[in-house]
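Reader: Could you take me through this structure, please? I would like to begin with the ligand and then turn to the helices.

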Amino acid sequence: MNSINSQRKDEHIENYLRTSSFTSTLLEDVYIEHNAISDICLDEVDTSINFLGRKISMPLMIDAITGGGSSSAAINEDLSSICQELSIPMACGSESIALTEKESRESFELIKDKKDLLRIGNLGFERNYKDFVFAKELIDAHAMQIHLNLAQEMVMKEGDNSYHDPLSIIEELVEKFDCPIIVKETGCGISKNVAKKLIEKNVKYIDIAGKGGTNFIEIEDLRNFDMDFSDFYTWGIPTAKSIIDIRKLSDDIFIIASGGIKTAMDIVKSIIIGADMTAMTGEVLNYLLRGGYDACENFLKEINHKMKIIMVLLGVKNIEQLKKVDYKLTGQLKELTEN
Ligand SMILES: Cc1cc2nc3c(=O)[nH]c(=O)nc-3n(C[C@H](O)[C@H](O)[C@H](O)COP(=O)(O)O)c2cc1C
């Protein structure tokens with residue numbers, strides 16, 4: 001497995017570990033208040049939610065990372081086992097490589113062996129209906145993500161700069177596909193106007209992947225020796241702003257807050273300001289690659305435990321109550337979401 005596509009998959013992982021730019025989700029501008037007389041005890045706190053018709057243990061999933069590279073099978077094997085064990089969903093990385101390179105398929109197919117895992121497939125907006133059917137079947141997915149990664153394609157040396165009409169494939173998939181479609185970004189966020197257009201096309205799930213975490217522009221820039229794109233590293237919509245803007249548009253859209261979600265506090269705050277659930281990528285990869293399987297699993301268990309502690313401190317015992325907690329916006333987030 002040594003094609004350009006497979007090499008790129010490896011470089012994404014390597015370069016992710018080398019990225020050093022810092023941007024903010026602006027979740028630090030969400031103020032929530034301590035409840036000194038909370039009467040909730042830790043054992044009563046229930047962090048579970050329903051997602052895609054199933055009960056999951058907490059409002060968190062592992063988002064799209066990999067498939068088709070030399071380290072992809074090992075990463076997908078570990079992450080799918082951990083997610084199954086913890087009863088949280090997992091999305092695989094883009095399956096586009098599997099459309100053309102047969103030998104890459106195994107690194108995706110192994111996810112299908114995790115019978116109890118809530119599995120989510122992933123393809124880009126440049127693909128067609130038939131490709132999505134193939135990708136769904138490859139991992140026997142319960143839902144498919146369609147990723148929008150325009151900034152990444154523009155910075156990528158071999159990126160796809162041709163004209164596409166993302167809304168028409170999204171519309172076709174939502175209308176005809178036999179499982180839910182999740183529209184996701186890859187680190188630049190979904191604006192209010194984009195979300196409005198998606199909702200008009202009957203999209204029911206948006207995975208924000210906003211600014212504040214993994215910087216895919218930097219990841220690609222580190223592979224591009226022809227041009228320097230470091231002046232683009234701050235491009236994107238902070239995750240917290242995306243959540244607030246999209247929730248203002250609709251009570252019904254299912255919002256997955258992602259992009260820079262690293263802690264239990266990030267998850268709790270995202271839900272309080274309007275998300276239904278959250279997703280994590282970079283931080284989980286960090287724990288897995290730098291600490292190993294147990295460190296990664298323990299990190300996620302700790303997140304769930306800390307979520308429960310924060311809910312005790314807020315005086316709420318389930319996610320529905322958490323969604324109703326009062327909050328105040330401060331600083332830049334307040335300024336950016338005022339109208
Ligand atoms: C190494 C790496 C590979 C990724 N590959 C994909 C991909 O194939 N498809 C996709 O939709 N997103 C991909 N992403 C983006 C993530 O799914 C996520 O949207 C983004 O990293 C923001 O979340 P984070 O800040 O928690 O990392 C990738 C991220 C990383 C770090």
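Author: Of the 26 residues around the ligand, His147, Gly213, Thr214, Thr281 and Gly282 come nearest. A residue is near a molecule or strand if its C-beta atom, placed from the backbone, lies within 6 Å of it. This is a predicted model, in which local features need pLDDT of at least 70 and side-chain atom pairs count only at pLDDT 80 or more, while totals for chains, interfaces and linings use all residues. Residues are numbered from 1 along each chain as its sequence is written.

Reader: Which elements give two or more residues to the shell around the ligand?

Author: They are helix H1 (4–18), strand E7 (143–147) and helix H12 (282–291). The largest share, three residues, comes from H1. Helices (H or I, at least four residues) and strands (E, at least two) are DSSP runs, numbered from the N terminus.

Reader: And how does the shell around the ligand divide by class?

Author: The shell has eight nonpolar, 16 polar and two charged residues. Here Ala, Val, Leu, Ile, Met, Phe, Trp, Tyr, Cys and Pro count as nonpolar, Asp, Glu, Lys and Arg as charged, and the others, Gly among them, as polar.

Reader: A change of topic: is Lys136 buried or exposed?

Author: Lys136 counts as buried because it has 21 C-beta neighbours inside 10 Å. The cut-offs are 20 or more other C-beta atoms within 10 Å of its own for buried, 12 or fewer for exposed, and partly exposed in between, with C-beta atoms placed from the backbone. Lys136 is found in helix H5 (residues 129–139).

Reader: What does Lys136 touch?

Author: Not counting residues up to four places away in sequence, Lys136 touches Gly121, Ala141, Met144 and Cys179. Two residues are in contact if their C-beta atoms, placed from the backbone, lie within 7 Å.

Reader: Now the helices. At what angle do H12 and H13 pack?

Author: The angle is about 145°, and the axes of H12 and H13 are 6 Å apart. Axes are lines fitted to C-alpha atoms, for helices over the stretch in contact, and angles run from 0 to 180 degrees between N-to-C directions.

Reader: Which residues meet there?

Author: Val284, Tyr287, Leu288 and Gly291 in H12 meet Ala295, Cys296 and Phe299 in H13. This contact divides into six nonpolar, one polar and no charged residues.

Reader: Which residues of H11 meet H13?

Author: Ala264, Met265, Ile267 and Val268 in H11 meet Ile303, Lys306, Met307 and Ile310 in H13. By class, that contact has seven nonpolar, no polar and one charged residues.
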